[in-house]
Amino acid sequence: MPVCASFADGRLWIADFNRQLVAVDVAGRRVARRVGLGLSPTALAAAEGEIWARVESQTQKTADHVLRIDSATGRTTARIAVGRGPGG
């Protein structure tokens with residue numbers, strides 16, 4: 001089940017409850033890539049070859065993070081601490 005989604009470069013990127021991103025090739029109507037996040041996503045944005053995903057911390061004592069993911073490789077290229085909850 002989707003948590004959030006964003007569209008860029010002909011792909012619909014969907015973050016789900018399985019802690020992964022799924023890239024759907026819209027023209028080909030197929031799953032083009034799956035990327036494991038390891039944490040629960042809460043927000044998603046995609047633009048210019050990068051996917052940005054906010055993920056929740058597993059504990060109350062650590063910050064949530066925003067992950068920058070290269071859409072071509074599926075690799076996380078940056079991890080930025082942003083605080084806890086919607087207000088960050």
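In this predicted model, Arg-54 stands opposite Val-66 in strand β7. That pairing belongs to an open sheet of four strands in the order β5-β6-β7-β8, with antiparallel pairing. Another open sheet of four strands has the order β1-β2-β3-β4, and its pairing is antiparallel as well.

- Strand β5 covers residues 41–47 and strand β6 covers residues 50–55; the two run antiparallel and are joined by six bridges.
- Within this pair, Pro-41 stands opposite Val-55 in β6, and Ala-47 stands opposite Glu-50 in β6.
- Strand β6 is also joined by six bridges to strand β7, which comprises residues 64–70, and these two strands run antiparallel. Here Glu-50 stands opposite Asp-70 in β7, while Arg-54 faces Val-66 in β7.
- The bridge partner of Arg-68 in β8 is Ala-78.
- Five of the seven residues of β7 are buried, so this strand is largely enclosed by the rest of the structure.

**Hairpins in this sheet**

- The hairpin of β5 and β6 has two residues between the strands, and Glu-48 in this hairpin takes a positive phi near 50°.
- The hairpin of β7 and β8 has five residues between the strands, and there Gly-74 takes a positive phi near 80°.

**The sheet β1-β2-β3-β4**

- The order of the strands in this open sheet of four is β1-β2-β3-β4, and the pairing is antiparallel. Strands β1 (2–8) and β4 (30–36) stand at the edges; each has a single partner strand, so one side of each is left without a neighbour in the sheet.
- From one strand to the next, the twist averages 20°.
- Five bridges join strand β2, residues 11–16, to strand β3, residues 20–25, and these strands run antiparallel. Trp-13 stands opposite Ala-23 in β3.

**Salt bridges**

- Which residue forms a salt bridge with Arg-54? The partner is Asp-64, and the closest N and O atoms are 3.3 Å apart. This pair links distant parts of the chain, since Arg-54 lies in strand β6 and Asp-64 in strand β7, ten residues apart. Both Arg-54 and Asp-64 are buried.
- Glu-50 forms a salt bridge with Arg-68, with the closest N and O atoms 3.7 Å apart. Glu-50 lies in strand β6 and Arg-68 in strand β7, so the pair ties together parts that are 18 residues apart in sequence.
- Glu-50 is partly exposed, with a relative accessible area of 28%. Arg-68 is also partly exposed, with a relative accessible area of 25%.
- Asp-25 forms a salt bridge with Arg-30, and the closest N and O atoms of this pair are 3.9 Å apart.
- Is Asp-25 buried or exposed? Asp-25 is buried, because its relative accessible area is 19% and the limit for a buried residue is under 20%. Arg-30, at 45% relative accessibility, counts as partly exposed.

- Arg-84 is found in the segment after β8. Arg-84 is partly exposed, with a relative accessible area of 33%.
- Arg-84 and Val-55 are 29 residues apart along the chain, and their C-alpha atoms are separated by 10.0 Å. Val-55 is the residue of β6 that Pro-41 stands opposite.

Note on methods. Residues are numbered from 1 along each chain as its sequence is written. This is a predicted model: local features need pLDDT of at least 70, side-chain atom pairs count only at pLDDT 80 or more; totals for chains, interfaces and linings use all residues. Side-chain values use heavy atoms; hydrogens and water are left out. Two strands pair if DSSP finds at least two bridges between them. A salt bridge is a side-chain nitrogen of Lys or Arg within 4 Å of a carboxyl oxygen of Asp or Glu. Buried means under 20% relative accessible area, exposed over 50%, partly exposed in between (1.4 Å probe, protein chains only). Axes are lines fitted to C-alpha atoms, for helices over the stretch in contact, and angles run from 0 to 180 degrees between N-to-C directions.
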